[in-house]
Structure formats: structure tokens, C-alpha cells
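Subject: Structure for you to look at

Hello,

Please find the structure below. My notes on it follow.

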Amino acid sequence: MNTLSDADLDKQTVTKAYARWAPVYDLVFGAVFERGRHAAIASAERIGGRILEVGVGTGISLPNYSKNCRLCGIDISAPMLRKAEERVAELGLTNVEGLWVMDAERLSFDDNSFDVVVAQYVITTVPNPEATLDEFARVLKPGGEIILVSRIGAEAGLRRSLEHWFQPAARKLGWRTEFSFDRYVRWASRTAGMRLIERRAMPPFGHFNLIRFGKEDEAGEFLEAHSVRAAS
Ligand SMILES: C[S@@+](CC[C@H](N)C(=O)[O-])C[C@H]1O[C@@H](n2cnc3c(N)ncnc32)[C@H](O)[C@@H]1O
């Protein structure tokens, strides 16, 4: 169930936008999002195992994972994914199990398939963010984590007004400027077995957040609870 009007983005607009971004994506968005990507990967590697990168794009983050992690990547944009395939071949990334053109809202993976689901700069580009998070939770193994890096819209003030003004243009570029953190809080609170475990500000300007959700394990506990206990 979507909690806000999501008529602002549709898949056709998004795929068209990323077909245009593909040739220049790394140049424009490589460095600016680097710290967020590194932070997400560091969090994912605490768990390791089989990792799904949703909206893997040009595969820019794939070389940064440890070779012990098994990586699967999906993206709705075939031109973006072709870049990822070239990167995997050029760098000989043998820990990449596969790359598929696939919609984040309808993942063709079985339930409980991955130890970690990572989505960097993706949730604000999908038409139905809550339905997409439901899919992430479904394919995640008990005890696993969803790790997002995502833009958070301002709640008030000048930035809020600017984001509102810029939203129609942003839509054509393939993303939303308006997205409240409260949507994540509400999704976690209504989703059985999922818990919000971290929110961390990320550059540029702290307008992005690293967000982690944990999935209850078979004993009804969360991995975070284990690590907190182990550290205390
Ligand atoms: C801003 S880019 C982020 C790419 C990469 N994760 C990064 O760190 O730079 C957003 C990516 O999400 C993909 N995307 C958008 N909507 C999607 C959907 N419904 N299913 C799968 N991928 C989607 C886009 O094609 C694009 O590659």
C-alpha cells in the first residue's frame, strides 16, 4: 500500500531517463555519491554472504565489495546494465553471480534468497517505494539486512520549497526530490519482522541518509541485537 501519491514517477519515464544517463552516469554521479556507496558496502560486508544490489546501474560499486561476497545485480535499465556487464568483464569480477534486467518491484527471486539487499540512490527513483521495500523484505533471509542510501526531502523551510518547485523537472531526470524519512519509519512499523536499525547522514550536505533495516531471525531476534550484546 502506498502512503502518498506516487503519480509523480512512472517506469517509462525512469527507463527513458536512465537510457540517457548511461553514457555519462559515472562521470556525473561517480565521485559525488562515493562516500555513501563506501558506507553502504562497509555495512553490507559486516554480514557478507550473498548480496543483491538493486538498481546496480553501471555497476560502479561492484569492484568495491570484498571478493568473499557473492553479488547479484538487477536494474530496470538495459543500457545502464550493459555498462555494468562491461565493467564485470573488464575487471574480471568473478564474485558477480549475475546481472539481470528486472523491476525492483517484482523481483524474480525466491523468498529468503539473500543475506543483504543493498539499494543505493534507488528508492526515490521507483514509482512505488513501499511495494519495492516489501519485495526487498521478501527476498531477504531471516537475520539479514536491507541497506539503503537515499535522498531525504526536507520537512520544512527553504529547502522544502525548492524541492517542491524542482520536483517536475526532477521527474524527467528520473528521480524525486520530495521524500520524507517518515515514509521509511511507517513502512518499518507496519511490516512484520522488519525493524529500522540505523539512520546516518551522508554527503553531499547530509541530504542523503544511510538507512538500515533488519529482518528478524528464526529465534525472533535481530542481528543488531546480537552485535550490541556481543559488544557489551
Ligand atoms: C541514481 S541511479 C543509482 C545507480 C547506482 N546504484 C549508484 O550507486 O550510482 C538509480 C538506478 O536505479 C535504477 N532503477 C530505477 N527504477 C528501477 C526499478 N523499478 N527497478 C530496478 N532498477 C531501477 C535506474 O535504472 C538506475 O540505474
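Helices and strands here are DSSP runs (H or I of at least four residues for helices, E of at least two for strands), numbered from the N terminus. The model is predicted, so local features need pLDDT of at least 70 and side-chain atom pairs count only at pLDDT 80 or more, while totals for chains, interfaces and linings use all residues. Residues are numbered from 1 along each chain as its sequence is written, and side-chain values use heavy atoms, with hydrogens and water left out.

Backbone

Pro-204 sits in the loop between S6 and S7. The peptide bond joining Pro-203 and Pro-204 is cis, with omega at about -5°. Most peptide bonds are trans, and most residues other than glycine have a negative phi. Asn-112, in the loop between strand S3 (96-101) and S4, has phi near 55°. Tyr-121 has phi near 60° and belongs to the loop between S4 and H5.

For exposure, buried means under 20% relative accessible area, exposed means over 50%, and partly exposed is in between (1.4 Å probe, protein chains only). Asn-112 counts as partly exposed because its relative accessibility is 39%. Tyr-121, at 10%, counts as buried.

How many of the 11 residues of helix H5 (residues 129-139) are buried? Eight are, so the helix is largely enclosed by the rest of the structure. The buried residues are Pro-129, Glu-130, Thr-132, Leu-133, Glu-135, Phe-136, Ala-137 and Val-139. Their cover includes strand S1 (50-54), strand S4 (114-120), S5, helix H7 (182-190), strand S6 (194-202) and strand S7 (208-215).

Ile-146 lies in strand S5 (residues 140-151) and is buried, with a relative accessible area of 0%. Contact means heavy atoms within 4.5 Å. Setting aside neighbours within four places in sequence, the contacts of Ile-146 include Leu-133, Phe-136 and Ala-137, along with Val-117, Trp-187, Met-194 and Ile-211. Arg-212 is also in contact with Ile-146; the two are 66 residues apart in sequence, yet their C-alpha atoms are 5.7 Å apart in space.

Asp-217

Asp-217 is found in the loop between S7 and helix H8 (223-231). This residue is buried, at 16% relative accessible area.

Ligand

The ligand is surrounded by 20 residues, of which the closest are Tyr-25, Arg-37, Gly-55, Asp-75 and Ala-104; a residue counts as near if one of its heavy atoms lies within 4 Å. An N or O atom in the Arg-37 side chain is 2.8 Å from an oxygen atom of the ligand. A nitrogen atom of the ligand lies 3.0 Å from an N or O atom in the side chain of Asp-103. Ala-104 contributes a backbone N or O atom, 2.8 Å from a ligand nitrogen atom. Helix H1 (11-21) and strand S2 (70-75) are the elements that give two or more residues to the shell around the ligand.

Regards

How values were computed: A polar contact is a pair of N or O atoms within 3.5 Å; within protein, one must be able to donate a hydrogen and the other to accept it, and residues adjacent in sequence count only if both atoms are side-chain atoms.
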